[in-house]
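Here is a friendly walk through one model, with its packing and a few individual residues in view. Please keep the viewer open as you read.

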Amino acid sequence: MQLQPLTAISPLDGRYRNQLEELSNYFSEFALIRYRVMVEVEYFIALAEQKIFTLPKTKLPALRKIYQEFTIENAQLIKDTEKITNHDVKAVEYFLKNELKNLGLEDKLEWVHFGLTSQDINNTATPLFWKDAIEHVYMPALANLILELKQLGKSWMKIPMLARTHGQPASPTILGKEILVFVERLEGQISLLGQIPFAAKFGGATGNFNAHHVAFPKINWEKFGEKFVNNVLGLQRMQYTTQIEHYDNISAQFDALKRINTILIDFSRDVWTYISMDYFKQKIKKNEVGSSAMPHKVNPIDFENAEGNLGIANAVFEHLSAKLPISRLQRDLTDSTVLRNLGVPFGHTILATKSLRKGLSKLILNEAKLKEDLENNWAVVAEAIQTVLRRENYPQPYEALKELTRGGEQITQKTIHKFIDGLKISAALKKELKAITPHNYTGLWA
């Protein structure tokens, strides 16, 4: 079968292709090749700027156009060469040499990929596309989700809600505040993620600039590498490496993304539960079907979809973060194999954020249900009453409320007020206690 969304093996390239198409700019085979070409071209230019060879400045725009205007046809040409070389980076080198010929730079061909190993290209190209994907796709997606959560949180800051700890009715809270809990958690993890640098390896076959140094022993190649990777590419070069990058920093980024995803799973399950409790209704479209058998159903599918995708993403991120920092001696090929799957957890993560935003847009607050639950759980003001009584040095208030509220009978406003009336306290204190209700006992945000 010819590859198309209906015949794709992966749902990211099949069912969800239209939602994730932009990720092809970062995680496709085409993207990897284009980033490799970019690194090779910029390295070629950097060698010239180091006075290793002369290069007319008039050629720089044309050289950069090689990757700036890189096409599918260019990538296919490289893939065709790879069938012969059986080496992907060498195929890129041959492509660039041919491009130099077209630019009249036949005498400069051997400066392409000078002194490098393939991992000098892969371990710069990969963090480059990963960095771009994080900055241009992930962070905006997460920022938009957080913005929507903030807006909902603020709009619901006057909505009291029965809290549940261990699944049981507990001291009331504010719906908006419970949403802002997740905002605070997400922003905290984003701050931690931002502290992790995008690391790269660049230092020749085993990281020592062996070939560079033997050819030009008077050049400070370490300084050259720092300038090229840090200033030109915008990454952070690791100084002491084997043939490959350590992958410690990118693994830390995977772990950070896992934590963010875990927070979003927690959020998805909470909202799902609120929907099941009828705290939220969901907007419906006329022709949509919630169940093939039960016409009445409107399922919280967006939050379920998000939870499922976040789980898949975390499973893959976990393998990547655990595997990549481990490599036999100076290098084995397992890193290359798994790095080709970077787009998988990233894609599922982006898909989840889209599902969450879609789900949030459907929520309709059912304030009447929240009020009903509060009214049906007057026992939750027992904490407030016994605390005020403690303030007044009333003897054993906790035990008195415990006996009242754990007797098995339904606790109502009438029950609570009858209990208060039976206390040997002042009329003013009784009035203060009777003013406490499940609807206003919500703490700082009342």
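## Ground rules

Helix axes here are lines fitted to C-alpha atoms over the stretch in contact, and angles run from 0 to 180 degrees between N-to-C directions. Helices (H or I, at least four residues) and strands (E, at least two) are DSSP runs, numbered from the N terminus.

This is a predicted model, in which local features need pLDDT of at least 70 and side-chain atom pairs count only at pLDDT 80 or more, while totals for chains, interfaces and linings use all residues. Residues are numbered from 1 along each chain as its sequence is written, and side-chain values use heavy atoms, with hydrogens and water left out.

## H5 against H6

Let's start with helix H5 (residues 72-85) and helix H6 (residues 88-102), whose axes come within 8 Å and cross at roughly 120°. That angle makes H5 oblique to H6; angles under 35 degrees count as roughly parallel, over 145 as roughly antiparallel, 65 to 115 as roughly perpendicular and the rest as oblique. H5 passes H6 in a right-handed crossing, the term for a near helix turned clockwise from the far one by less than a right angle, with anticlockwise giving left-handed.

Contact means heavy atoms within 4.5 Å. On the H5 side the contact is made by Asn74, Leu77, Ile78, Thr81, Glu82 and Thr85, and on the H6 side by Asp88, Ala91, Val92, Tyr94 and Phe95. Sorted by class, this contact has six nonpolar, three polar and two charged residues. In that sorting, Ala, Val, Leu, Ile, Met, Phe, Trp, Tyr, Cys and Pro count as nonpolar, Asp, Glu, Lys and Arg as charged, and the others, Gly among them, as polar.

Helix H8 (residues 175-194) packs with helix H11 (248-276) at an angle of about 175°, with their axes 9 Å apart. That makes H8 roughly antiparallel to H11. Among the residues making the contact are Phe182, Leu186 and Leu193 of H8 and Leu257, Ile260 and Phe267 of H11. By class, the contact of H8 with H11 has twelve nonpolar, two polar and four charged residues.

Further along, the axes of helix H18 (residues 413-421) and helix H19 (residues 427-434) come within 10 Å and cross at roughly 165°. H18 and H19 are therefore roughly antiparallel to each other, and H18 passes H19 in a right-handed crossing. The contact is made by His417, Ile420 and Asp421 of H18 with Lys430, Leu433 and Lys434 of H19. Its classes are two nonpolar, one polar and three charged residues.

## The nonpolar core

A nonpolar core is a set of buried Ala, Val, Leu, Ile, Met, Phe, Trp, Tyr and Cys residues joined through side-chain atoms within 4.5 Å. Buried means under 20% relative accessible area, exposed over 50%, and partly exposed in between (1.4 Å probe, protein chains only). The largest such core has 134 residues, and those with the most contacts inside it are Val37, Leu63, Trp130, Phe346 and Leu433. Its largest share, 15 residues, comes from helix H7 (residues 118-155).

Which residues surround valine 37, leaving aside its neighbours within four places in sequence? Valine 37 is in contact with Ile66, Tyr67, Phe70, Ile78, Val92, Phe95 and Leu96.

## Two positive phi values

Most residues other than glycine have a negative phi. Histidine 113 has a positive phi near 65°. Histidine 113 sits in the loop between H6 and H7 and is buried, with a relative accessible area of 12%.

Tyrosine 247 also has a positive phi, near 70°. The place of tyrosine 247 is the loop between strand E4 (236-237) and H11, and at 3% relative accessibility tyrosine 247 counts as buried.

## Polar residues, buried and partly exposed

Histidine 348 lies in helix H14 (residues 343-362) and is buried at a relative accessible area of 7%. Beyond its neighbours within four places in sequence, histidine 348 is in contact with Leu12, Asn309, Ile312 and Ala313. Aspartate 373, in helix H15 (residues 367-375), counts as buried at 10% relative accessibility. Not counting residues up to four places away in sequence, aspartate 373 touches Leu162, Arg164, Met277 and Tyr279.

Is threonine 71 buried or partly exposed? Threonine 71 is partly exposed, with a relative accessible area of 28%, and belongs to the loop between helix H4 (60-68) and H5. The C-alpha atoms of threonine 71 and arginine 34 are separated by 8.6 Å, although these residues are 37 residues apart along the chain.
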